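Let's take a walk through this structure together, one region at a time. Have the sequence and the 3D view at hand as you read.

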Amino acid sequence: LFALLLFTKSQMQILSLPFFISPSLSLSLSHLSPSVHRAFKINELKTEVTNRLAMLEKRVELEGMKVVEIEKCHNDIKKLREEMASRNNSNFLEDNKKLTPRRDVPSYPKYMLSQQTIDALKKPGFDVWLWEPNEVRFICLEHMYHDLGLVKDFNINPITLKRWLLCIHDNYRNNPFHNFRHCFCVTQMMYSMICLCSLQEKFTQLDILILMTAAVCHDLDHPGFNNTYQINARTELAVRYNDISPLENHHCAVAFQIFSQPDCNIFSNFDPEAFKQIRQGTITLILATDMARHGEILDSFKQKVDNFDYADEEHITCLKMVLIKCCDISNEVRPMEVAEPWVDCLLEEYFMQSDREKAEGLPVAPFMDREKVTKPTAQIGFIKFVLIPMFETVLKLFPQIEEAMVQPLRESRDRYEELKQIDDAMNEVGGFVQKKKSENLTMGGKKK
Ligand SMILES: [Zn+2]
């Protein structure tokens with residue numbers, strides 16, 4: 001087609017001529033005189049060539065339309081691809097409006113936090129489902145920064161603190177699990193550990209600020225699909241961070257994008273050296289929340305814990321990494337009524353991912369597969385092999401967490417084991433009934 005399009009009309013006439021003399025026409029013309037013969041032949045040829053040319057022109061026109069249609073399809077596909085990519089990876093770099101701090105900082109009256117709430121905030125058993133929407137959670141976070149003396153000691157502008165927290169809220173997505181409420185839970189658990197373990201006696205205020213700020217920022221702009229998905233689907237995040245903790249790197253980057261705006265920079269009064277420390281410390285802690293590094297970090301902590309030295313910077317950093325890890329996965333430390341809804345949220349997010357992985361032909365992890373996982377099976381292994389060993393190691397340094405944190409974990413493990421036994425028994429009965437039914441059906445068939 002393209003070759004044809006390149007020829008002009010006259011070129012085509014010349015080219016087509018030899019092919020249009022049909023055998024019957026040449027035979028009938030052979031009886032006539034050479035001159036008449038020639039005239040006839042030329043006229044016949046003229047007609048045939050004109051017809052043929054018209055046909056070819058029509059064909060070129062039709063094929064040309066097809067080319068235009070194909071080109072349109074290509075453009076449509078390209079647009080769709082771009083739209084999908086921007087939806088999958090919509091990130092802070094393209095979505096500037098979320099980063100723009102709110103000018104109108106709402107003022108919530110102080111009295112909204114009762115003394116009862118203030119006291120409850122210091123405990124791991126705090127009911128994080130208490131308030132909807134999130135307004136009171138802002139005040140609680142704000143209260144923690146004030147209560148720990150961070151606002152005073154670091155001369156943080158209280159209005160900037162408010163703006164920063166609102167901006168943080170706006171940069172968490174509405175995922176079933178990785179949302180602003182999860183950010184609040186992790187930060188509140190950090191606050192309660194700081195209080196429970198008297199960490200302010202062991203750590204500098206800068207370390208406390210790093211612990212709290214890393215907790216607040218640790219899942220910023222989480223897309224709801226984990227690192228495995230990012231890497232397997234070769235998303236923009238995985239490409240940008242070379243498959244190395246793409247999500248955690250992204251959370252950090254978003255955090256410091258937010259700090260780069262003067263209106264939201266709670267560290268604006270810091271000297272460069274202090275800012276460098278807070279930046280390095282926060283990055284280290286957020287990157288430590290990648291569960292792919294769980295074994296490595298816990299092993300390193302286990303080596304230090306028996307001879308722990310608070311004067312050793314490396315020991316302190318390692319402890320801070322373990323603390324943020326504990327808080328990040330601490331839902332099962334909370335009372336059953338508070339913890340259980342989180343399992344549903346997590347499974348909902350997992351199922352969204354595994355459904356998408358199936359649709360996209362990517363590998364699916366069994367623990368995310370709605371066909372394979374149940375609440376007890378999801379939790380038992382995690383509590384037994386991840387949570388309890390980690391919290392029991394921390395217990396060596398802080399015996400005060402035994403009752404408030406480790407005991408609830410053991411109770412939760414026992415409860416899920418009971419639930420699993422019930423599930424198994426039900427399945428066995430179900431299987432037995434099913435087997436009997438099919439046996440009866442077979443026997444009935446045989447009798448006939
Ligand atoms: Zn998290």
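One definition before we set off: a residue is called buried when its relative accessible area is under 20%, exposed when it is over 50%, and partly exposed in between, using a 1.4 Å probe and protein chains only. What you're looking at is a predicted model, where local features need pLDDT of at least 70, side-chain atom pairs count only at pLDDT 80 or more, and totals for chains, interfaces and linings use all residues. Residues are numbered from 1 along each chain as its sequence is written, and side-chain values use heavy atoms, with hydrogens and water left out.

Start with the whole chain. Of the 448 residues in the protein chain, 44% are buried. Contacts here mean heavy atoms within 4.5 Å. Take the contacts between residues at least 6 apart in sequence: 75% of them join residues at least 24 apart.

Now zoom in on the zinc ion. Which protein atoms are its donors? They are H182 (NE2), H218 (NE2), D219 (OD) and D328 (OD), lying 2.0 to 2.2 Å from the zinc ion. A donor is an N, O or S atom within 2.8 Å of the metal (3.2 Å for Na, K and Ca), and since water is not among the atoms, sites may look incomplete. The angles among the four donor atoms run from 87 to 172°, and the site is classed as irregular. For that label, the rules go like this: four donors are tetrahedral if all angles lie between 85 and 135 degrees; four are square planar and six octahedral if opposite donors are over 155 degrees apart and all others between 65 and 115; anything else is irregular. Along the chain, the donors of the zinc ion follow the spacing H-x35-H-D-x108-D. H182 lies in helix α10 and H218 in the loop between α12 (205-217) and α13 (227-232), so this pair ties together parts that are 36 residues apart in sequence. H182 is buried, at a relative accessible area of 2%, and H218 is buried too, at 0%.

An unreviewed UniProt entry lists D219 under "binding site"; UniProt positions are given in the numbering used here, feature names are shortened, and annotations may be inferred rather than shown by experiment. You'll find D219 in the loop between α12 and α13. Is D219 buried or exposed? Its relative accessibility is 5%, so D219 counts as buried. Leaving out residues up to four places away in sequence, D219 touches Y172, H178, H182, H251 and D328.

H178, one of those contacts of D219, is listed by UniProt for "active site" in an unreviewed entry. H178 sits in the loop between α9 (158-170) and α10 (180-196). With a relative accessible area of 15%, H178 is buried. Again not counting residues up to four places away in sequence, H178 touches Y172, R173, D219, H222 and E349.

Next, look at how two of the helices meet. The axes of α10 and α12 come within 8 Å and cross at roughly 160°. That makes α10 roughly antiparallel to α12. Axes are lines fitted to C-alpha atoms, for helices over the stretch in contact, and angles run from 0 to 180 degrees between N-to-C directions. Angles under 35 degrees count as roughly parallel, over 145 as roughly antiparallel, 65 to 115 as roughly perpendicular and the rest as oblique. In α10, C183, V186, T187, M190, Y191 and I194 meet I208, L211, M212, A215 and V216 in α12.

Follow the chain onward to N227, which is found in helix α13. N227 counts as buried, at 12% relative accessibility. Setting aside neighbours within four places in sequence, N227 is in contact with S245, P246, L247, E248 and D290. The C-alpha atoms of N227 and E248 are 8.8 Å apart, although 21 residues separate them along the chain.

Finish with two loop residues. Most residues other than glycine have a negative phi. R234, in the loop between α13 and α14 (236-240), has a positive phi near 50°, and R234 is exposed at 71% relative accessibility. N242, in the loop between α14 and α15 (246-259), has a positive phi of about 50°, and N242 is exposed with a relative accessible area of 57%.

Definitions and conventions: Helix = DSSP H or I, 4+ residues; strand = E, 2+ residues; numbered from the N terminus.
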